[in-house]
Structures are given as structure tokens and as C-alpha cells.
Amino acid sequence: MTELTPPRNAEERIDWLRLIRSRRVGPQTFARLVAEHGSAAAALDALPGVAAAAGVAGYHPCPRAAAEREFDAGARAGARLLCRGSADYPPALADLPDAPPVLWALGDTRLTRRAGIALVGARNASSLGTRMARRLAAGLGEAGYTVISGLARGIDTAAHLAALGSGTIAVMPGGIETIYPLENTGLAADIARDGLRLSEQPVGLTPQARHFPQRNRLISGLARAVVVVEGAARSGSLITARTALDQGREVMAVPGHPLDARAAGCNTLIRDGAMLIRSAGDVVEALAGPLPAPRADQPGLPLGAAEPPAAGPPLAPAVVAARILDLLGPSPVAEDQLIRDLDLPAQDVAQQILALELDGRVARRAGGMLCRPA
């Protein structure tokens with residue numbers, strides 16, 4: 001994970017906003033550009049040249065005026081800009097490979113310093129599912145955990161309501177002040193007052209389908225464990241559960257009736273090894289030990305491994321890019337795995353991945369995974 005020095009003043013915050021809002025610059029590309037050029041301002045200056053080298057003509061970073069408008073709009077909404085590396089940035093997100101460089105926060109950021117449990121589930125939740133979510137959220141709050149969810153209908157709403165008094169975090173799929181669904185406007189106001197709302201999206205953004213998986217990785221990333229209360233076999237809740245496993249978080253599920261489609265996802269998770277949850281006490285007992293290490297492979301040699309062989313002559317950038325594209329398909333692959341498969345210097349591969357991203361020929365998915373665009 002690349003260490004970032006947080007911005008020291010408003011001008012540098014604007015530079016950070018400009019860089020992350022620039023076309024085809026995601027969290028990992030942001031970190032790589034800042035590491036290579038020394039600062040967000042220098043990265044912005046270099047970006048058109050980097051894009052031109054990748055074959056993208058006429059590339060322009062996000063205009064300063066646009067970033068200033070967003071900065072001012074966030075301030076008018078009462079939100080704060082949290083930058084990665086700063087003391088108020090959520091510590092649980094800091095080590096994620098695709099940690100957002102900036103987050104808008106509305107409420108009490110101290111809640112991110114407490115151990116969190118994510119409660120997620122169906123929007124069309126059953127009466128029993130809603131009741132279970134309330135009981136879990138209330139019990140976990142009493143045990144000292146922050147309850148994290150996504151402010152959606154159903155299970156999310158029940159969890160937030162039950163945890164308002166003890167501490168809850170709502171991760172927004174759109175802008176920090178854009179409430180979705182509108183029926184939760186009052187709840188969102190209560191969370192801003194007594195809890196915390198977070199968003200990595202630009203202020204004023206109306207959420208679209210692609211924003212929800214991005215949001216879900218933050219829900220799981222903030223938590224020690226994800227508890228799925230109800231979820232269909234192919235649902236956003238199961239996406240969150242898979243992301244949690246990739247992030248090294250625990251995955252737990254509440255069982256349901258086999259004939260209820262809303263329980264299919266939970267029952268499948270339990271069949272595949274997720275812990276069966278009957279009460280908040282089960283969650284607390286399961287988390288008595290330390291947070292497990294992330295499952296994602298880390299770069300570097302294991303202890304006792306032999307040194308790698310001496311590198312041969314460097315390959316031309318076009319050859320490296322072609323080999324990257326040959327290995328990538330529509331199914332996402334971890335960047336570390338791609339580098340191992342290529343058996344090339346990591347820096348050479350990283351430079352060509354960046355160029356291919358800017359050219360639109362490589363896309364990043366949740367968790368920083370790489371694939372060919374659809």
C-alpha cells in the first residue's frame with residue numbers, strides 16, 4: 001500500500017480533489033501518480049503527458065474551478081473532506097489497496113475509531129428479517145460496536161434505526177448530501193446528527209448502478225465483520241460478502257427458510273463456510289480474537305525463499321502492454337497476481353497498467369481488481 005502524505009492546506013486539498021476527479025483516475029492510479037511525481041499538483045501537471053504516451057490525445061485533468069465548486073458545496077452541506085493519511089481518516093480503510101484518497105464526512109468521525117460491524121441485507125426484507133436486523137443492531141451497539149450499513153430500504157434502514165443511540169455509520173452510494181432512497185431523508189438527517197455519513201463520490205452526484213459495488217467495498221472495509229441478514233442468491237449483499245472476504249473480514253449470515261428466495265444467499269454463504277448467526281452474542285463471541293490478516297497476496301518473497309533470478313533485457317513498453325492485455329479478460333484479476341503471471345519487474349508492469357487505464361483498455365473493479373472493459 002502506497003503511503004500518502006496528506007494535504008497541508010486548502011490549495012493542496014483542491015489538488016487532491018482535481019486528481020481523483022480526473023477522467024480514468026481511480027484510487028490506485030491516484031496513489032501511483034502521487035508516488036511517482038511527488039505530489040498531486042505535480043501529478044496533475046504530468047497527467048496529460050502520461051495520457052499522450054498512452055495514446056490518449058487531448059486529455060485534460062479535472063479543472064480547478066470544478067474542484068473548487070465541489071469543495072465549496074461540501075462546506076455548505078456541513079461536510080468535511082477526509083484525506084488518506086490524515087488523523088481523521090478511517091483507520092480501517094487506510095490499508096485497503098483501493099482506499100479512497102478523499103472521503104466526504106458528515107457527523108462524528110470518532111465512530112470510525114471504534115470496532116465496526118456491517119449489517120446488510122434485502123431491500124424487500126421480511127418482517128422476521130427486519131426484526132432480526134433491529135435486534136442484532138441493538139445488541140451490537142450495547143456491546144460497544146459501531147453498526148455500519150448503506151442507508152438502503154429494508155435491512156439497512158432497520159439496522160441504522162436500532163443503532164442510532166449507540167452509533168451508526170451510513171456509507172452513501174452518491175454524494176454526501178444526496179439521499180437515496182428519498183424516504184430515508186429523515187433517517188439520514190438523524191445519522192448526520194447522532195452518527196456519521198460517509199461518501200467517496202463527488203458532492204451532488206446522483207447514484208447510478210455502478211456506484212453501489214464501489215460503496216459496498218467501503219461498508220465491508222470499515223467493518224471487522226459483515227453480517228448478511230437476508231439476501232437473494234444474486235444480490236448486492238452477496239457482493240459485499242465476497243468483497244469482505246477479499247479484504248480479510250469475517251463473513252456471517254442469518255439462516256432463513258429454504259423456500260424463501262430472500263434467504264437463498266444467506267443459506268448459501270452458511271453452506272460455504274460463513275458463520276451461522278442467531279444473535280448479537282454469536283457475533284461478539286466470534287470476534288473475541290484479533291482481526292485476521294487480509295487474504296490478498298502481498299508482494300515480496302516468503303521467508304526462506306530463494307532470490308529471484310537476474311532480470312533479462314527490459315521489454316519494450318508496447319510488448320509489456322500487449323502481454324498485459326493478453327492475460328486480462330472480463331473476469332477481474334488481482335494486480336499482484338497479474339505481475340506474478342507476467343514474471344516482469346513490478347514497476348514496468350505498473351507503468352503500463354496505468355497507461356492502459358488512461359487509454360480505457362484496462363478497467364479497475366471493486367478491490368482494485370483488473371479486467372478488460374466490457
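Good morning, colleagues. The structure is a predicted model, in which local features need pLDDT of at least 70 and side-chain atom pairs count only at pLDDT 80 or more, while totals for chains, interfaces and linings use all residues. Residues are numbered from 1 along each chain as its sequence is written, and side-chain values use heavy atoms, with hydrogens and water left out.

I begin with helix H2, residues 27–37. Helices here are DSSP runs of H or I with at least four residues, strands are runs of E with at least two, and both are numbered from the N terminus. H2 packs against helix H15, residues 346–358, at an angle of about 120°, and their axes lie 11 Å apart. An axis is a line fitted to C-alpha atoms, for helices over the stretch in contact, and angles run from 0 to 180 degrees between N-to-C directions. H2 and H15 are therefore oblique to each other; angles under 35 degrees count as roughly parallel, over 145 as roughly antiparallel, 65 to 115 as roughly perpendicular and the rest as oblique.

Which residues make this contact of H2 and H15? From H2 come Thr29, Arg32, Leu33 and Glu36, and from H15 come Gln347, Ala350, Gln351, Ile353, Leu354 and Glu357. Contact means heavy atoms within 4.5 Å. The residues of this contact of H2 with H15 comprise four nonpolar, three polar and three charged. In this division, Ala, Val, Leu, Ile, Met, Phe, Trp, Tyr, Cys and Pro count as nonpolar, Asp, Glu, Lys and Arg as charged, and the others, Gly among them, as polar.

H2 also packs against H3, at an angle of about 105° and with axes 8 Å apart. That makes H2 roughly perpendicular to H3. Here Leu33, Val34 and His37 of H2 meet Ala40, Ala42, Ala43, Ala46, Leu47 and Val50 of H3. The residues of this contact of H2 with H3 divide into eight nonpolar, one polar and no charged.

The largest nonpolar core has 37 residues, and Leu19, Val25, Phe30 and Leu151 have the most contacts inside it. Such a core is a set of buried Ala, Val, Leu, Ile, Met, Phe, Trp, Tyr and Cys residues joined through side-chain atoms within 4.5 Å. Among the elements that each supply at least two residues of this core are H1, H2, H3 and H15. Not counting residues up to four places away in sequence, Val25 touches Leu19, Ile20, Phe30, Leu33, Leu47, Tyr59 and Leu358. Apart from this core lies another, of 29 residues, including Leu82 and Leu218.

Leaving aside neighbours within four places in sequence, Arg215 is in contact with Arg123, Gly150, Val171, Met172 and Pro173.

Thr240, in helix H10, is also buried, with a relative accessible area of 2%. Asp88, by contrast, sits in the loop between S1 and helix H5 and counts as partly exposed at 22% relative accessibility. The C-alpha atoms of Asp88 and Thr109, 21 residues apart along the chain, are separated by 6.8 Å. Thank you for your attention.

Technical notes. Buried < 20%, exposed > 50% of the residue type's maximum accessible area, 1.4 Å probe, protein only.
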